[in-house]
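Subject: A structure for you to look at

Hi,

Here is the structure I promised to pass on. Have it open while you read, and I'll go through what turned up.

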Amino acid sequence: MSSLTSVVRLASPLMLWVDLALKTHEMLLSSGSVIQMRTERIAKAGLAPSAVDLAEFQLMGDEKLVAAGESGVAMAKQWHSSQAALANRALQQWFQSAGAFFSMVGSITPAQAVVRSDDFMRATTRAAGTASLLSGAAVRIARRGLKPIHAAATSNARRLAELRD
């Protein structure tokens, strides 16, 4: 797939969620394969694991800690760069919409109500537009968090499959 196609496909929040679901599915399939292969290895090793087995068992724990740490850092960075500012802006615009609504409701004349209803509609439209961006920001955070875990699971599945053959 060309990089332009990837950029266009991932520009839509819906496609971001679809991409996240596909990556999660791939990671889960790889994880299942890795769990099966490692469980078989543990069972075969029994009470007297070899040095190679012990190294693999140590790697199991280490890689999970590394992937979880990388995932947490990636999500925190993404949240800090996008979600916090966006959520703050959405909250401010929601308060502006509420203020415009109460101003409209408190109108005394029909002309005043028309002007204030236009203000309310503009404020509500801005708030809704900003709120719709929150979904895209949330999926970007999730994608950043999944990336190191997905990478570890899929590379382990490939590596262990080669060892098995």
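Among the contacts in the chain with a separation of 6 or more, 74% are between residues 24 or more positions apart. Keep in mind that this is a predicted model.

Now for the overall dimensions. The chain has a radius of gyration of 25 Å, whereas a compact globule of 165 residues would have one near 15 Å. Its C-alpha trace spans about 90 × 35 × 20 Å along the principal axes. Of the 165 residues, 27% count as buried. The accessible surface comes to about 10700 Å², and 69% of that belongs to carbon and sulfur atoms.

Next, the charged residues. Side chains of opposite charge can pair when their charged atoms come close. How many salt bridges does a search of the whole structure find? The search gives 6. One of them joins the side chains of Arg 38 and Glu 63, at 2.5 Å from N to O. That pair links distant parts of the chain, with Arg 38 in helix α2 and Glu 63 in helix α3, 25 residues apart. Both Arg 38 and Glu 63 are buried.

Another salt bridge is between the side chains of Arg 159 and Glu 56, at 3.0 Å from N to O. This pair also links distant parts of the chain: Arg 159 sits in helix α4 and Glu 56 in helix α3, 103 residues apart. Are these two buried or exposed? Glu 56 is buried, with a relative accessible area of 6%, while Arg 159 counts as partly exposed at 28%. If you pick out Arg 38, Glu 56, Glu 63 and Arg 159 together, you'll be looking at a network of salt bridges.

Asp 119 and Arg 122 form a salt bridge too, with their closest N and O atoms 2.6 Å apart. They are 3 residues apart in helix α4, so about one helical turn separates them. Asp 119 is partly exposed at 35% relative accessibility, and Arg 122 is partly exposed at 47%.

On to the rings. The structure holds 3 aromatic pairs. In one of them, the ring centres of Phe 101 and Phe 102 are 5.4 Å apart and the planes are at 70°, so the pair is edge-to-face. Phe 101 also pairs with Phe 120, and that pair is tilted, with 5.5 Å centre to centre and 55° between the planes. Ring pairs link Phe 101, Phe 102 and Phe 120 into a cluster. Phe 102 is exposed, with a relative accessible area of 59%, Phe 101 is partly exposed at 33%, and Phe 120 counts as buried at 19%.

Ser 107 lies in the loop between α3 and α4 and counts as buried, at 17% relative accessibility. Leaving aside its neighbours within four places in sequence, Ser 107 is in contact with Gln 112, Ala 113 and Arg 116.

Then there's a nonpolar surface patch of about 280 Å², made by Leu 14, Val 18 and Leu 22. Val 18 lies in helix α2 and is partly exposed, with a relative accessible area of 34%.

Cheers

Methods:
Residues are numbered from 1 along each chain as its sequence is written. This is a predicted model: local features need pLDDT of at least 70, side-chain atom pairs count only at pLDDT 80 or more; totals for chains, interfaces and linings use all residues. Side-chain values use heavy atoms; hydrogens and water are left out. Patches are made of residues with over 30% relative accessible area and no salt bridge: like charges are joined within 9 Å, nonpolar side chains (Val, Leu, Ile, Met, Phe, Trp, Tyr) within 5 Å. Accessible areas come from the Shrake-Rupley method with a 1.4 Å probe; for residues, only the protein chains shown count as cover. A salt bridge is a side-chain nitrogen of Lys or Arg within 4 Å of a carboxyl oxygen of Asp or Glu. Helices (H or I, at least four residues) and strands (E, at least two) are DSSP runs, numbered from the N terminus. Buried means under 20% relative accessible area, exposed over 50%, partly exposed in between (1.4 Å probe, protein chains only). Rings of Phe, Tyr and Trp (its six-membered ring) pair if their centres lie within 6.5 Å; planes under 30 degrees apart count as stacked, over 60 as edge-to-face and the rest as tilted. The radius of gyration is taken over C-alpha atoms; the globule rule is 2.2 Å times the number of residues to the power 0.38. Contact means heavy atoms within 4.5 Å.
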